Amino acid sequence: MKERSPALLQTESLGIQFGGLRAVDNVGLRVGVGEVVGLIGPNGAGKTTCFNMITGVYKPTSGSISLSGERIDGLHMIDVNHRGVARTFQNIRLFRKMTVLDNVRVALHRQVDYGLMSSLLRLPSFRRAEAGLQRRALELLSVFGLADRSQDLAGDLPYGDQRKLEIVRALATSPKLLLLDEPAAGMNPQETENLTHLISRLRQEFGVSILLIEHDMSLVMKICEHIYVLDYGREIAQGEPNAIQNNQQVIKAYLGEA
Amino acid sequence: MDTVLRIINELGPTIYSSLELIGIYVILALSLNMINGMAGMFSIGHAGFWAVGAYSAAAVTVHGPAALGGPALLLLSIVAAMIAAGAAGFILAVPCLRLTGDYLAIVTLGFSIIIVTLLYNFEYMGAATGVSTPILASKGFIWFMVLLTLIVYYRLQYSSLGRTIQALREDEIAAQSVGLNRVRLKTTVFVIGAAMAGLAGALYASSQTYLSPAGFEFDKSIKLLTMVVLGGLGSITGVAVAAILLTLLPEVLRLFSLDAYQMLVFSAMLLLMVLMRPQGLMGRFEVWDLPILRRYWRPGGAESKA
């Protein structure tokens, strides 16, 4: 087995209980610096719940989550993002009635260095910062081929482009760790191919580490260095793509008993 | 024919004599629009902030140092009104931000009722009898403040604050996932909206000869809400136009000797509006969204040429 890079994200015996339901139990994920890691499993296995715990939407009822060695479990979503974690959503959550450009500019808000007075008086600092935001937003959009749609409403984009815009929006917050929740859902094979290529580029150009949930195995097997498999909230396997593909337990979880 | 001529003759003077009130209502409606339309917080006790502003201003102009002279006293009263209403907004924002929808509406309603009840018992400012106030603000000054309010609103809307608060209104989870601080943003907008209502209060106090708590009862909050809904939640131009029309409406009805039916017309309009055009006259549309203007007018200041 290949040596893995030092841990950026590490969860230890992570679990959450909703009433009598143990949705996630004793999960230990690890994303190394610069790695692309896959999180797979049948529907309802608890993958998105893991994302929600890591990003602070849910508070885990057991275990810990650390980012570069610092505990982030129990932090508010806002603080988790400020620490360098950004995400996309399974059921796309764009600001639909805002333009594509504004979706990205909103996410660039921490780059805004002018105050209320400056925006009221439209001081040079306001104009300079706004021009900077604009430039940066268009730069990010053009990586995903969305720059020429910058003035369209986000809700008017085709489905595949909406997924891409969510990634751009997440990237705009300059994360160290990017969580992608089914980025290829609803895409045709051509689009998925294109997305696979983009995700590999992200790692090189933006230096982000990626944890992704995906059902499209061609994508997962192509770009993930390490894969975790969940079933009924428990981790049933982990390892390199080849090993996972031939793991009897994984095959059983997906296809049922033969 | 005679009636028509009479009305045309009298409409001009009627509008002219209502100019102060129209201006004040434009500011009020905009300030409520900021809270309801821009930030998406459903507040139905907005007259409370107006009352706080008006009475704080009157405290300055009535009991303050008359030696300062009219203009200085007026400015001082505006500052006092905006600070007082803004502070009230801040105090209210803290519990309110934990609430949404109906609950938020009830808290704001309770706030306005408490304010009016306090004023009814506030001997220093005349209690239920009210207080006579000096007229310090001219029509020109009021409309200058209207213009200033419009500019401030417009510039806030097309700045980072306006963008981020809109994102928060559209999807709170997504907005927080990119690190937007919900509490800070909503508090900021709530306080600015309240302070703006305070400004309208100060102008009201200095353009009327008399203030009484009865003028700030619940019906006034509803009137403001009607303006915002009629104009289109969130639309600056729509709400300003609606405020002008709805302030003039009772005056026009009076010309037809129909003023007894005022509430009937009001309610019918609101019903028709909600049934036939729930997004309001303008929706979220603005004058500067017209294609002709769009080519020359870029609200963002630095927007692209796309």
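Student: What should I know about the model and its numbering?
Tutor: The model is predicted, so local features need pLDDT of at least 70, side-chain atom pairs count only at pLDDT 80 or more, and totals for chains, interfaces and linings use all residues. Residues are numbered from 1 along each chain as its sequence is written, while chains are lettered from A and ligands numbered from 1 in the order in which they are written.

Student: Which residues does A:Leu101 contact, leaving aside its neighbours within four places in sequence?
Tutor: They are A:Ala137, A:Ser150 and A:Gln151. Contact means that the two C-beta atoms, placed from the backbone, lie within 7 Å.

Student: What makes A:Met117 buried or exposed?
Tutor: A:Met117 has 10 other C-beta atoms within 10 Å, so A:Met117 is exposed. Its place is helix 4 (residues 116–121) of chain A. From A:Thr88, 29 residues apart along the chain, A:Met117 is separated by 34 Å between C-alpha atoms.

Student: How is chain A divided into domains?
Tutor: Domain 1 takes 1–84 + 175–258, and domain 2 takes 96–168. The bounds come from an automatic or database domain assignment. The C-alpha centres of the two domains of chain A lie 28 Å apart. Six residues of domain 1 of chain A are in contact with five residues of domain 2 of chain A. The domain 1 side of that contact has four nonpolar residues, one polar and one charged. Here Ala, Val, Leu, Ile, Met, Phe, Trp, Tyr, Cys and Pro count as nonpolar, Asp, Glu, Lys and Arg as charged, and the others, Gly among them, as polar.

Student: How do you know how compact chain A is?
Tutor: Chain A has 10 helices and 11 strands. Its radius of gyration is 19 Å, close to the 18 Å that the globule rule gives for 258 residues, so chain A is as compact as a globular protein of that length. The radius is taken over C-alpha atoms, and the rule is 2.2 Å times the number of residues to the power 0.38. The C-alpha trace of chain A spans about 70 × 40 × 35 Å along its principal axes.

Student: What does that test say for chain B?
Tutor: Chain B has 13 helices and two strands. Its radius of gyration is 20 Å, close to the 19 Å from the globule rule for 306 residues, so chain B is as compact as a globular protein of that length. Of those 306 residues, 46% count as buried.

Student: What makes the span of helix 2 of chain B close to the expected value?
Tutor: The expected span is 1.5 Å times one less than the number of residues. Helix 2 (residues 19–38) of chain B has 20 residues and reaches 26 Å from its first C-alpha to its last, close to the expected 28 Å. Helix 2 of chain B bends by about 30 degrees at B:Leu32. That bend is the angle between axes fitted to the seven residues ending there and the seven starting there. In helix 2 of chain B, 18 of its 20 residues are buried.

Student: How many residues does each chain bring to the contact between them?
Tutor: Chain B brings 25 residues and chain A brings 33 residues. On the side of chain B that touches chain A, helix 7 of chain B gives the most, with seven residues.

Terms used. Helix = DSSP H or I, 4+ residues; strand = E, 2+ residues; numbered from the N terminus. Buried ≥ 20, exposed ≤ 12 C-beta atoms within 10 Å, placed from the backbone.
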